[in-house]
Amino acid sequence: MGASLLVPWSNGFALNPGVLPSQYRHQAWGVAEGLPQSSVMAVVRDRRGYLWIGTQAGLARFDGSGLTVFDELSTPPLPDAVILSLAVDGDRLWIGSSTGLSVMEGARVDRVDLPGAEPRERITVLQAGAEGSVLAGTGGGRVYRLRGPRAEWVARIPLAPERPAVHALAELGDGQLWAGTDRGLWRLGPGPPRPILWTGGGGETRAVFDLLANPDGSVFAATESGLFAIGGAGASLEVHGIDLPGRGSAMVRCLERDRDGNLWAGTMGSGVYRGLGEPFVRMAPQSWPGLASLRCLLADQEGILWLGSFEHGLHSLADSPFLNFRAAEGVAGGAVRTVAASGGHLWVGSEGGLSLISRGRLERLPPPLLRLGSGVMSVLEAGDGTLWVGTDGDGVVRFRDGVMERWGRSRQLPHGVAAVLFEDRSGALWVGTDGGVGRLAGDRWEPYSVAEGLPGNVVTCLAQAADGTIVAGTMEGLSRMEGERFASWTTGAPAGPVTAVFFDPDGDLWLGVEGHGITLVDTTGAHTLDRRRGFPQRTVGAMVLGRDGLLWCAGMQGLTAVPWRQLKLFLQGRGQRPLFRTFTAEDGMASTECSTGTQPALTVAADGTLCVAAVAGVSCLPGGVPPPLPSSHGRVVIESVQVDGRRIAVDRPAELAPGVRTIELQFTSLAFLSSGEVRYVTRLEGLEEGWRDVDGDRKVLYTHLPPGRFVFRVRTITRGGLPLDDEARFELRVLPPLWRTPWFLALVGFIFLAAGPAVYVLRVTALKRRQVQLSSLIEERTAELRETAKAFEQMTLEDPLTAIPNYRAFGRDLERAWRNALRQGGPVSVIMADIDYFKVFNDAFGHLHGDECLRRVAAALSSCVHRPDDLVARYGGEEFVVLLPGTGTPGAARLAEQMRRAVEALQIECPRPDGVGVVTVSFGVASVFPLERDGSALLVAAADRALYRAKSSGRNRVEAASTPQEEPTGVYPSAVAGEGDVPD
């Protein structure tokens, strides 16, 4: 596949004019996603990175994850909820509505009076002007310049009696100010306003809706009768109409230029057009019905194009690192099963037939090949130019010299399902079927099945070792040719269906085994890396070596790239863990799920382009070069801090009064292009020693912090765990109680030293008489102080929401149980529990119902434990933890199952995507016999890994850490059955 195969490509972030519209990453937000109304009138992005959307029912702020609505009820200073225009000026957001102008700075919103304007005059346009100012146009034909908080009069369109609304403003480099109105185009100053354009052939005046100034002094004008370019000066202005294909005279409502110089024009009814010069290309295919009618456009600093539509919400277009070929681009319908590169073209096989990409074109092959009667499972262009196609039931089809010929069981093909095609280094053709392996000999197939030594007849992959040996993977295991027969090959790899076979440049074997990630087989044995140990894929369905030493692995979790040499050293115990990069539909692939069980499903072309069969289409990575690592561009921000439910300022350190019960911090990344590629880690310095991975959750909760100084830090990391250079911090101080402050103690000491001798002299006699009474009083007060201290300590150990012990109480009791187990030799068990789809519950019913759900789940879990040393605690968010001293794995697992049933019996309604319909909880169990002083944290980590497996295996289940790989270290074996007490 040479450069001629793919359409022109750019690795930049701006929208590439050389690709088909359907290649862009397209997203949409409507009322269902939180937009207050479906007609978007204005869009701007502020200096911090928030996107602001003006609609006819309120203002919305987008943070990359969700929308926050501001309207006349939530934000009373807003004139009304019909937002017509927006502009950013430093930290100010100017808001133009149907009844006036307001400005938002931080959390404050103020009305702005415009001199000479009507009391409720519409603000129809806000536009950046010269020297950091903002220009404002009104529905009454007035124009103002906004500098800081002040509004200065500029001009008024002098037509009467109806003042034409100002829809567009453009300030040119020579100081000219142009205004687009209902009554054409006007020049405002020097001197009085005067019309400069224009009247149509029938005498009607054309409305001008948007203006876009060019560096050369020319202007693009969006009008009710098309798009025009205007150049020249004074009386010599030249007007040039620009043809928009299919609708040359469409009503053009908005214009924008992206950072690569592409001009975008949004129309009413005809979609959006893109052009770098002429001709323009229409960019609204049938798959984007919401882009037919547009009101506004914004090209932001990340290279995203935001499109505000009429009645179809907000849309975004951005470049994808992948080129995708799906049904929309002409691929034969159904799931794509196979992809093979040869020379300058690419073969794509799917359930609907065979397609060809050649010289930049994608086409389905002529009808004779499409009438195969079954889908295409595999395809191979042999060295002699013969095209072989494996089908899903009709055997193998050969194309040679324009003649199609079927090769089925009549020629000894083992089975009609031919999912694997492979050509060895000698040029011999092999086929893997559901009935064994076939090797082409003359005009017949030599069959190999279980009778000839295969461990199973369903063949999933074929490869050739360095010594020429043919290796076959089957559903029953691995085998290799020995003489004229196959023989099972025991490698030490996990047992199970073999899904992929690959030999690296050193001649060592790599295997994909269903459910077991990836396995290296070398002279020292088999080394397996699965999801429990950090490999991104559950099952590897295809492997290929690409450019820069990258091993590419395709599976149901996407497409993973890893430096094969680093991975090999790591598996051999001679190097650091490499960085795994996994790409999914969120990164621009046709679909996350790649095809497995067929060969070839992953291929590298001569120019390095990587192509993978991705079920919903074939995804190609031009040049085989992964996109740059995601960057948040310093845009991780702490959005809000709530103390006991009260929001406080986040732009300065906080000083909190004694007795604070809860502190909740919410954060996000405002780098929208990489929002799906990052996770978050947090740390509260002064309380937590290490970083906590909160994954996709964007908030953390702390309860009953002790007095002291703390610094909350949040960072972004890649999905592979690589830290990004991006951090936000928030400092806070919890004040001590009055009686613990230094000045109070000093005052007490001073009073005692100053007044002590005098009091002693004056009252020594009285004190002797009352010695007995005073001793009794001291004892009484001491007891009260002990009770107060005990109550205060209890507060710091209790979760205020659920009234059960908190994370600190669990940590204290875990260390105590660990020490006791070291002395007595018993086991310790930990159960990690996490509410399934709790974010879905919160999004559907709100946080008040979410809090009630947490309380009911906590009560259900607590009702299942009865021993005094057992502990149920809230771990944080929707996670709970159970400590069971003296309990082994069987007892802990039984208790976890009892808890699972107790929560399920609550029948709390939840609109889950898996259709279960009620709130459930997943559990991870781990048990150890402590042998060393330190290690309790490793026990918790083992339980957490078991919980992760429960979540990834379907949720609402109990998983126990029962294999050595899942234990805290190799030192602590799991608690064996029957040892330790079992909870009631």
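The lining of the second largest pocket consists of 24 nonpolar, five polar and nine charged residues, where Ala, Val, Leu, Ile, Met, Phe, Trp, Tyr, Cys and Pro count as nonpolar, Asp, Glu, Lys and Arg as charged, and the others, Gly among them, as polar. The model is predicted, so that local features need pLDDT of at least 70 and side-chain atom pairs count only at pLDDT 80 or more, while totals for chains, interfaces and linings use all residues. Residues are numbered from 1 along each chain as its sequence is written, and side-chain values use heavy atoms, with hydrogens and water left out.

The second largest pocket holds about 1100 Å³ of space. A pocket here is an open set of points on a 1 Å grid over the protein atoms alone, where a 1.4 Å probe fits and protein lies on both sides within 12 Å along at least five of seven lines; lining residues have an atom within 4 Å of a point. The volume is the space filled by probe spheres set on the points, which are joined across faces, edges and corners. Among the 38 lining residues, Val 125, Leu 126, Gln 127, Asp 210 and Leu 297 are the closest to the centre of this pocket. Strands that each supply at least two lining residues include β2 (40-45), β6 (83-89) and β26 (294-299), strands being DSSP runs of E with at least two residues, numbered from the N terminus.

The largest nonpolar core has 32 residues, and Leu 51, Trp 52, Ile 53, Leu 59 and Trp 306 have the most contacts inside it. Such a core is a set of buried Ala, Val, Leu, Ile, Met, Phe, Trp, Tyr and Cys residues joined through side-chain atoms within 4.5 Å, buried meaning under 20% relative accessible area and exposed over 50%, with a 1.4 Å probe and protein chains only. β2, β6 and β26 are among the elements that give two or more residues to this core, and the largest share, four residues, comes from β2.

β26 also pairs with β27 (residues 305-309) in the antiparallel sense over five bridges, where pairing requires at least two DSSP bridges. Leu 297 has Leu 307 of β27 as its bridge partner.

Gln 907 is exposed, with a relative accessible area of 53%, whereas Asn 956 is buried at 18%.
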